[in-house]
Amino acid sequence: MTDLSPANTNKPFTLRVFFPDGNPNGIRLIDDNNWTGRAICLSRDDLESKDLLEKIELVQQPGVYLLIGDVDDNAENPDNGIQLYIGETDNVAARLTQHADTKTGKDNWNRAVVFISIKGALNKAHCLWLERKLILRAKEYQRCVLGNGNRGNDASLTFSEEADCDFYLDKMLQILPFAGVNAFEKIDNSAINISAQSKTVDTGAPDTIVVPARDGGFERVFLGEDCWHAIRIHKSRFNDLKYIAAYRVGKERKVTHVAEIKNIEPVGDDGKYKVIFNGKAKKLTHPVPYISGSDPTLQASRYTRFEKLNKAQNLTELFDLSES
């Protein structure tokens, strides 16, 4: 029976984050002094820099990787806000480059999280074992749209090797939420129904949630039904939220419309919420575009202030990452 118990997150721990290109929204290398592994967060565009891939030791390096893309929460069968593909390889840089190829690669991913060993401690069997554990955990918790068709491959490990891989897996599960991936954590099923009409005090906190929306869901739901559903919103945000804005995923790649929030209501028992608008969404006079190479990619909902929608020239100016 597969052990899906969560990593021990009750103890304090320290992570070291290095930005090799000097961009806080660019490639990130995440290390722990008590761990021989390393997590590397990068975008699809970063794969074009071959020299940098060599400097961060991804070339000829075995590892486990996650390809991460956007999902329209208002599709006919809405799921969670990201889709994942979990894989393993003997050469991370080469495999990710294959996946990024516009003709033969995988569609619908724009960033990746890679796990390697800085001391060469991972081999093929270890990577297969870790890949399978992540796939099984993702299937069990159902917090993402998973692109893997199978359950991964069994790997034959010695007792000591399995213990080492278990420790490595715990570190992966500890780092992934920090890297913006919560697909391997249990869902908080508690639900709150709150009316935005009762909000009268401005606390200075973010008052606008920006959601990624594909064309179909945007036209049919955001504009057509005056609502947006299947959103994950932390309960601590409820009393501050007054507006919802749509970031157009796909060709547009802009925040184009905003609506006043009337109600926030639970949807089912899996921790998602439906936002009901107070009237029709309005088109922004100056849409806020995504600027390739400098802006953070909008993988899931982010928070901002309404006043920034009228001032921001790009997503970097729109979002204060300390607020997200």
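The structure is a predicted model, in which local features need a pLDDT of at least 70, side-chain atom pairs count only at pLDDT 80 or more, and totals for chains, interfaces and linings use all residues. Residues are numbered from 1 along each chain as its sequence is written, and side-chain values use heavy atoms, with hydrogens and water left out.

The pLDDT, which is the predictor's confidence in each residue on a scale from 0 to 100, averages 82 over the protein chain, and 84% of the residues score at least 70. Residues 75-79 have a pLDDT below 50, and this stretch makes eight contacts in the model beyond near neighbours in sequence, a contact being defined as heavy atoms within 4.5 Å. The pLDDT is also below 50 over residues 189-200, a stretch with 32 contacts in the model beyond near neighbours in sequence.

The protein chain contains seven helices and 15 strands. These elements are DSSP runs numbered from the N terminus, with helices (H or I) of at least four residues and strands (E) of at least two. Of the 324 residues in the protein chain, 48% are buried. Among contacts between residues at least 6 apart in sequence, 70% join residues at least 24 apart. The accessible surface of the protein chain amounts to about 16,000 Å², and carbon and sulfur atoms account for 46% of this area.

A search of the whole structure found zero disulfides, a disulfide being a pair of cysteine sulfur atoms within 2.5 Å. Cysteine 127 is in no disulfide, and the nearest cysteine sulfur, that of cysteine 165, is 8.3 Å away. For cysteine 165, the sulfur of cysteine 127 is likewise the closest cysteine sulfur, and the distance of 8.3 Å is too far for a bond. Cysteine 127 is buried at 0% relative accessibility, and cysteine 165 is buried with a relative accessible area of 3%.

Side chains of opposite charge can pair when their charged atoms come close. Eight salt bridges were found in the whole structure, each being a side-chain nitrogen of Lys or Arg within 4 Å of a carboxyl oxygen of Asp or Glu. One of them joins arginine 38 to aspartate 31, with the closest N and O atoms 2.8 Å apart. Arginine 38 is buried at 12% relative accessibility, as is aspartate 31 at 7%. A further salt bridge is formed by the side chains of lysine 171 and aspartate 32, at 2.5 Å from N to O. This pair links distant parts of the chain, since lysine 171 lies in helix H4 (residues 159-175) and aspartate 32 in the loop between strand S2 (28-31) and strand S3 (37-43), 139 residues apart. Lysine 171 and aspartate 32 are both buried.

Glutamate 88 and lysine 124 also meet through their side chains in a salt bridge, at 2.9 Å from N to O. Glutamate 88 belongs to strand S5 (residues 82-89) and lysine 124 to helix H3 (residues 124-141), so the pair ties together parts that are 36 residues apart in sequence. Glutamate 88 is buried, with a relative accessible area of 10%, whereas lysine 124 is partly exposed at 37% relative accessibility.

Most residues other than glycine have a negative phi. Glutamate 57, which is not a glycine, has a positive phi of about 65°. Glutamate 57 is located in the loop between helix H1 (50-55) and strand S4 (63-70) and is partly exposed, with a relative accessible area of 40%. A positive phi, near 55°, is also found at glutamine 142. Glutamine 142 occupies the loop between H3 and strand S7 (145-146) and is exposed, with a relative accessible area of 58%.

Glutamate 317 lies in helix H7 (residues 315-318) and is partly exposed at 43% relative accessibility. Leaving aside neighbours within four places in sequence, glutamate 317 contacts Lys308, Lys311 and Ala312. The C-alpha atoms of glutamate 317 and valine 288 are 9.2 Å apart in space, while the two residues are 29 residues apart in sequence.

How values were computed. Buried < 20%, exposed > 50% of the residue type's maximum accessible area, 1.4 Å probe, protein only. Areas by Shrake-Rupley, 256 points an atom, 1.4 Å probe, with all protein chains shown as cover.
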